[in-house]
Amino acid sequence: MTIRYGFLSTHPPTRCGLATFNAALAAHLGTDGEPAGVVRVAGNGDDLRPAPGVAHTWVDTDLSGWRDAAEVLNTFDVAVVQHEYGIYPGRDGGDVLSVLRRLTVPSLVVLHTVPAHPTARQKSLLEQIAAAAGAVVTITATAHDRLLAGYAVDAAKVSVIPHGASDYTGPPARRYEQPHMLTWGLLGPGKGIEWALRGLARLRSPDPAPVYTVAGRTHPKVAEVHGEAYRASLHQLGAALGVAHHVRYESDYLDDAALGELIRSADVVVLPYDSTEQVTSGVLVEAVAAGIPVVATAFPHAVELLTDGPGLLVPHKNPAALATAIRKILTKPALAATLRERSGHAEPAPRWPAVAQRYHELAVT
């Protein structure tokens, strides 16, 4: 059965995790004869030039833009709506609810955030979104359980479909003679890079000391308000700790080929995030799918994916624990091999074609 999918989300050229997710899902749900179309939500400062696959752009300063967004989505067979607080206009992004209520086609809402301790407004909004949607998808079992336990939603509407992964597997790509630590993704406060730098300073072994690559541009919303202050603070901290010469910052946007090479060059991916709420991490999924051992703080998605799996969990804001876990992976080849083997059996990291098929099956039921 051929279905024309319309998507509501941030979308490239916007660079954020939600845009990347939506672009991948749209690409795999579209067909040559019936392509998917996107209603792109963009900030006033974003590049607003027409992009392939974008049927309409809703600039978030347009207070009545939800009407046009809904009308365009109604020209498709199914509307797929990515939900994250703050990307839509209105208090807590509430204008997305107006879009959903105006739709005349079936809708499927993907929840990228399910707060454990929402404000009263956030809780009410998410409950109303779930009520207006034809179906609801969470990306992790943790988010699913949290939604059903903490919110008044129809459990029969809710499904779990894991985050998709690109195919970055392949032979190792050695970039450095030293062991290689890697963190990638948009940069900003909360990423916890400062804790990884402090952990690096505690790594007296192995010899030679590892090199640490921090790859990614500053998050556009962070840059808009604070410029490059966070990145500058990391440079200053690295210098103060005496590890600046071991840290490589790559701020260029990497295409799939370059990102794949960078990932395959890593001996360990480090995710020292501050958040104790994060139920979805695309970087985590990509690292596991690529077969690279992971050291991560115990945010919910990491707990779900790494417990007895392809990585090691550490407490938040604990550089000593980070250093200990990284040292284990870098100095114990048997452990690293075991973690890589577990990556190959990590069911929650399926490739995008399989994920898209599950969305299609949900849409036709």
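The tour goes from a sheet to the helices on it and then to a pair of helices.

Bear in mind throughout that this is a predicted model. Begin by selecting the seven strands of the open sheet, which follow the order β3-β2-β1-β4-β5-β6-β7 and pair in parallel fashion. Colour β3 (54-59) and β7 (158-160) separately: these strands stand at the edges with a single partner strand each, so one side of each has no neighbour in the sheet. If you look along the sheet, neighbouring strands are turned against each other by 20° on average, with direction ignored.

Next, select residues 107-111, which form β5, together with residues 135-138, which form β6; these parallel strands are joined by four bridges. Within this pair, show L108 and find A135 of β6 opposite.

Helix α3, residues 95-102, lies across β1 (5-9), β3, β4 (78-83) and β5, and runs at about 165° to β4.

For the last stop, select residues 17-29 (helix α1) and residues 352-364 (helix α14), whose axes come within 9 Å and cross at roughly 75°. Because angles from 65 to 115 degrees count as roughly perpendicular, α1 and α14 are described in that way. Show side chains here: F21, A24, L25, H28 and L29 of α1 meet W352, P353, A356, Y359 and H360 of α14. Sorted by class, this contact of α1 with α14 holds eight nonpolar and two polar residues, and no charged ones.

Terms used. Residues numbered from 1 in each chain as written. Predicted model: local features only at pLDDT ≥ 70, side-chain atom pairs only at ≥ 80, totals over all residues. Heavy atoms only, no water. Pairing = 2+ DSSP bridges. Helix = DSSP H or I, 4+ residues; strand = E, 2+ residues; numbered from the N terminus. Axes fitted to C-alpha atoms, helices over the stretch in contact; angles between N-to-C directions. Contact = heavy atoms within 4.5 Å. Parallel < 35°, antiparallel > 145°, perpendicular 65-115°, else oblique. Nonpolar A, V, L, I, M, F, W, Y, C, P; charged D, E, K, R; others polar.
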